[in-house]
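Visitor: I would like to learn how to read a model of this kind, feature by feature. Could we take the structure as our worked case?

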Amino acid sequence: MIGTLRNWFKPKDALSQLRRRTWAARPVSVASATSSSPPRCTSSGCWRVTDGSTALPYPLLMAIQRGTMATHYRGIEKYKNPFDLALYTKLLGELRPRTVIEIGAHRGGSALWFADQLTTLGVNAHIHSLDVISVDGVNDPRITFHVGSALELGATFSDAMLAALPRPWLVIEDADHRCATTHAVMRFFDPWLETGDWMVVEDGILTAMRVADDYGGGPHAALTRFVGEQPDRYRIRRDYCDFYGHNVTWNVDGWIERL
């Protein structure tokens, strides 16, 4: 939720007062859930990119978004929906990342949540969170907040700095949600990710919210392009994407593991 996304959501219908952000675009079909139990990741399914649809019906999706935009953690805006909070909890427990890099800090609530969850798990981790505007109100030795641009990450994350960060890594792309920005972030971290590291691309749900065109196609278009460029380096973890039903996550097709 980087910088300019302080004005991120102003849909043109009855939900137009849902805080800050700006979304609107073409309608997209919504798929129905195919199973009541979490699917298992198979050799073919792990790589499958969908059309960006979700099992959540549009009115329910937007109602959940209303609550998402009102969520706080320890008094700080966090903007995470219940599905992704549960999926991140699952991932943190399985991956146990020593380094979390978050592109899009907003007020710092999600960085603080990640730090607390990893401390609870007994993981000696550090969070690096970047935004174009400095974060005030969160001062925690487990977190370093950086001021910089998602399009110029090399100015913030030097080769020497990245080389020194302990593994495994969890990289979270949550910047301005424009296709070009998301793709640039993924390309920047690509040569640095090692086998077993993860990258999560947030808010591919823009497509199902019918607003991706306002963002040049949005995050889902970017990750589709990126995975297509790197077919042998990454797999989309459908066991995460579809854990609660077909793409019942705001990170649609966006739970990605480095092979």
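Visitor: Let us begin with helix α6: which of its residues are buried?

Guide: Burial is judged residue by residue, and in α6 of this predicted model the buried residues are G218, P219, H220, A222, L223, F226 and V227. Those residues pack against α5 (179–189), β7 (198–201), β8 (234–236) and β9 (255–258).

Visitor: How far does helix α6 reach from its first C-alpha to its last?

Guide: A helix can be checked by setting its end-to-end reach beside the expected span. Helix α6, residues 218–229, has 12 residues and reaches 17 Å, which is close to the 16 Å expected at 1.5 Å a residue.

Visitor: Turning to the rings, how many aromatic pairs does a search of the whole structure find?

Guide: The search returns 11 aromatic pairs. To read one of them, take both the distance between ring centres and the angle between planes: for F83 and W250 the centres are 6.5 Å apart and the planes stand at 25 degrees, and because planes under 30 degrees apart count as stacked, this pair is stacked. F83 belongs to helix α2 (residues 82–95) while W250 belongs to the loop between α7 (238–241) and β9, so the pair ties together parts that are 167 residues apart in sequence.

Visitor: Are F83 and W250 buried or exposed?

Guide: The cut-off for burial is under 20% relative accessible area, so F83, at 19% relative accessibility, counts as buried, and W250, at 2%, counts as buried too. An edge-to-face case is given by W198 and Y240, whose centres are 5.0 Å apart with 65 degrees between the planes. This pair also links distant parts of the chain, since W198 is in strand β7 and Y240 in helix α7, 42 residues apart. Both W198 and Y240 are buried.

Visitor: Which residues form one aromatic cluster?

Guide: Pairs may be followed from ring to ring, and here Y88, W113, F114, W198, Y240 and W255 form one such cluster.

Visitor: What sits over the ring of W169?

Guide: Here one looks for a charged group placed over the face of a ring. The charged end of R167 sits over the ring of W169, at 3.8 Å from its centre, and R258 lies over the face of Y234, with 5.9 Å to the ring centre.

Visitor: R167 leads me to the backbone: which peptide bond is cis?

Guide: The angle to consult is omega, and for the peptide bond from R167 to P168 omega is near -5 degrees, so that bond is cis. P168 is placed in the loop between α4 (159–164) and β6 (169–173).

Visitor: Where does phi take a positive value in a residue other than glycine?

Guide: R210, in the loop between β7 and α6, has phi near 70 degrees, and D253, in the loop between α7 and β9, has phi near 55 degrees.

Visitor: Finally, what is the mean pLDDT of the protein?

Guide: The mean pLDDT is 86, and 82% of the residues reach 70 or more. The average should be read together with the local values, for pLDDT stays under 50 over residues 2–45, where the model has 122 contacts beyond four places in sequence. Of the contacts with a separation of 6 or more, 75% are between residues 24 or more positions apart.

Key: Residues numbered from 1 in each chain as written. Predicted model: local features only at pLDDT ≥ 70, side-chain atom pairs only at ≥ 80, totals over all residues. Heavy atoms only, no water. Helix = DSSP H or I, 4+ residues; strand = E, 2+ residues; numbered from the N terminus. Expected span 1.5 Å × (residues − 1). Buried < 20%, exposed > 50% of the residue type's maximum accessible area, 1.4 Å probe, protein only. Contact = heavy atoms within 4.5 Å. Phe/Tyr/Trp six-rings, centres within 6.5 Å; stacked < 30°, edge-to-face > 60°. Lys NZ or Arg CZ within 6 Å of the ring centre and 35° of its normal. pLDDT = per-residue confidence, 0-100.
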